[in-house]
Amino acid sequence: MFDKTAFWKEFNSKETYPVERLPDFIQALVAKTMEKSRNAYAPYSGFGVAALIKTDGEEFIATNAETCNHDGICAEAGAVAAYVTNAKDKEIELVVVAGKAFNNINPREDVFITPCGRCRQRLFEHCSPNTPIIGLNEAGTKALVSSISDLLPFAFSPTNL
């Protein structure tokens, strides 16, 4: 089981770190997520994204799947759907998001891939406020470490209904 408290003692939310500084098991998740982002169906934007949700003992990964009418599915939405289908009673330990422009031979070091607003809401509803969200740069060499509550401050939740 991933210890979020220990993680947050070592890492600060909204800061970037070299991937090599992350715990080994997170580095392995980063590599897997980067690899899967190449499988995205993104013929219109040319930007492939993958998202991985980790629970205790399980991983759910998905890529974006675009449509010509621009109403595709985000990688995070696919990963959340797989999580809900298979393990919704397990706590989400962390989320990794990676992406890259297919035609970019010089991946950007200073741009970090994070969930869009709709996907931040999706994740917020299934994560605890301190769930780490690891957003990678296009090169996969640096990670922006955030909590879901930092990515979506003042979130609308079921308590607002």
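**Getting to know this model**

Trainee: Ser37: buried or exposed?
Mentor: Buried, at 4% relative accessibility. Buried means under 20% relative accessible area, exposed is over 50%, and partly exposed lies in between, using a 1.4 Å probe and protein chains only.

Trainee: What kind of model is this?
Mentor: This is a predicted model, where local features need pLDDT of at least 70, side-chain atom pairs count only at pLDDT 80 or more, and totals for chains, interfaces and linings use all residues. Residues are numbered from 1 along each chain as its sequence is written, and side-chain values use heavy atoms, with hydrogens and water left out.

Trainee: Back to Ser37. Which element is it found in?
Mentor: Helix α2, residues 24-37. Helices (H or I, at least four residues) and strands (E, at least two) are DSSP runs, numbered from the N terminus.

Trainee: And what does Ser37 touch?
Mentor: Leaving out residues up to four places away in sequence, Ser37 touches Gly48, Val49, Ala50, Ala98, Gly99 and Phe102. Contact means heavy atoms within 4.5 Å.

Trainee: New topic. How many helices and strands does the protein have?
Mentor: Five helices and six strands. Along the sequence they run α-β-α-β-β-α-β-α-β-β-α. The radius of gyration is 15 Å, close to the 15 Å from the globule rule for 161 residues, so the protein is as compact as a globular protein of that length. That radius is taken over C-alpha atoms, and the rule is 2.2 Å times the number of residues to the power 0.38.

Trainee: What does the C-alpha trace span?
Mentor: About 40 × 40 × 30 Å along the principal axes. Of the 161 residues, 45% count as buried.

Trainee: How much of the contacts comes from residues 24 or more positions apart?
Mentor: They account for 68% of the contacts with a separation of 6 or more.

Trainee: Where does Lys14 lie?
Mentor: In the loop between α1 (4-10) and β1 (15-18). Lys14 is exposed, with a relative accessible area of 57%.

Trainee: And where is Phe154 found?
Mentor: In the segment after α5 (148-151). Phe154 counts as exposed, at 85% relative accessibility.
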